[in-house]
Amino acid sequence: MAYKTLEVTKDGGVCTIKLNRPKALNALCNELTMELAEALAKLETDDAIGCVILTGSDKAFAAGADIKELQDKTFLGQYDHDVFGLYWEAVARFRKPIIAAVAGYALGGGCEIAMMCDFIIAGDNAKFGQPEINLGVMPGAGGTQRLTRAVGKSKAMDMCLTGRMMGAEEAERSGLVSRVVPVDELMETAMSAAKKIAHQSLPIAMMTKETINTSFETTLAQGIHFERRLFQAMFATNDQKEGMSAFTEKRTPHFTNK
Ligand code: CAA
């Protein structure tokens, strides 16, 4: 299906979703986030897809929520039609692995959407920030929570209170991104990581993702209990048998997602 604000392409088990509102630096208007939620819902049930890459342009991953759409909103307008919960959080709710490949600006909602992905690979020109305070508001799509968990209190306070941007190197040093590569190698690097993931057993990758995410929601003892149970459950899959047999037989495993 064709989207107005996204380019969606599929290649070898990987779907790349490119945010595509270049004139507005991929500002996250309602139409875009609605289309993004719709695209992800389709990919959730697409058996051919094992990993998704979310990306923007070389200049901007996304420069935040669309300020022009927001400026005249009222409290009830925001509350009644909670687009963050309805559409944006679809990225966080997505159950398959999803990588953010970020070049250029990832500001406000752009940084928040990137942080909803499982990990971020950054081009060396990436700039992350939560500049909402300059607009008389604060982050509203998880920035105060996810940024704090990613980089710690001091840096999250610094970013959200001053509104300053963080470059790619600082973002990697702080744990916000998993790797930084030259911007012209960004998509190749993201694709190579995504293909590696897409060739693994999908249910095992999904359970791994779910278990890591559980660590943010629970105590250490409960998280370890959850991990142990799912680890044990994995022994009911054919893919566990295949993965371990392939190792002992010195061959490449052929996972069937069963
Ligand atoms: N919303 C709407 N339009 C935006 C936008 C945004 N967040 N960011 C950029 N644009 C538009 C600009 O208005 C401009 O449009 P026109 O050509 O029609 O004037 C176009 O994109 C290009 O932008 P600039 O001319 O400003 O480009 P620049 O290279 O000079 O600056 C920038 C780039 C530093 C990213 C600057 O555009 C900027 O500061 N953008 C706003 C960043 C921001 O405040 N984001 C937070 C939004 S609020 C939010 O996200 C809330 C939340 O928590 C969910």
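This is a predicted model: local features need pLDDT of at least 70, side-chain atom pairs count only at pLDDT 80 or more; totals for chains, interfaces and linings use all residues.
Reader: Which residues of α7 meet α8?
Author: Let's start on the α8 side, where the partners are Lys-153, Lys-155, Ala-156, Met-159 and Cys-160. The residues of this contact include five nonpolar, one polar and two charged. On the α7 side, the residues that meet them are Leu-147, Thr-148 and Val-151.

Reader: What is the handedness of the crossing of α7 and α8?
Author: Handedness goes with the packing angle of about 135° in describing this pair. The crossing of α7 and α8 is right-handed.

Reader: How many cavities of 30 Å³ or more are there, and what volume has the largest?
Author: Good one to ask! Rolling a probe the size of a water molecule over the atoms shows where empty space is left. With the cut-off at 30 Å³ or more, the count is one cavity. The volume of the largest cavity is about 80 Å³.

Reader: Which helix gives the most to the lining of the largest cavity?
Author: Among the residues lining this cavity are Leu-28, Asp-66, Phe-84 and Trp-88. Two helices, α2 (67-70) and α4 (83-88), each supply at least two lining residues. With three residues, the one that gives the most is α4.

Reader: Which element gives the largest share of the lining of the largest pocket?
Author: This pocket has a volume of about 820 Å³, and 26 residues line it. Nearest its centre lie Met-115, Cys-117, Asp-118, Asn-213 and Phe-216. The elements giving two or more residues to the lining are α6 (109-116), β7 (119-123), α7 and α11 (202-214). The largest share, seven residues, comes from α11.

Reader: How many nonpolar residues are in the lining of the second largest pocket?
Author: The second largest pocket has a volume of about 460 Å³. Of its 22 lining residues, Ala-65, Leu-70, Glu-132, Leu-135 and Val-137 are the closest to its centre. Helices α2, α4 and α6 each supply at least two lining residues. By class, seven are polar, two are charged, and the number of nonpolar residues is 13.

Definitions and conventions: Residues are numbered from 1 along each chain as its sequence is written. Side-chain values use heavy atoms; hydrogens and water are left out. Axes are lines fitted to C-alpha atoms, for helices over the stretch in contact, and angles run from 0 to 180 degrees between N-to-C directions. Helices (H or I, at least four residues) and strands (E, at least two) are DSSP runs, numbered from the N terminus. A crossing is left-handed if the near helix is turned anticlockwise from the far one by less than a right angle, and right-handed if clockwise. Contact means heavy atoms within 4.5 Å. Ala, Val, Leu, Ile, Met, Phe, Trp, Tyr, Cys and Pro count as nonpolar, Asp, Glu, Lys and Arg as charged, and the others, Gly among them, as polar. On a 1 Å grid over the protein atoms alone, a cavity is a set of points where a 1.4 Å probe fits but cannot get out, and a pocket is an open set with protein on both sides within 12 Å along at least five of seven lines; lining residues have an atom within 4 Å of a point. Grid points are joined across faces, edges and corners, and a volume is the space filled by probe spheres set on the points.
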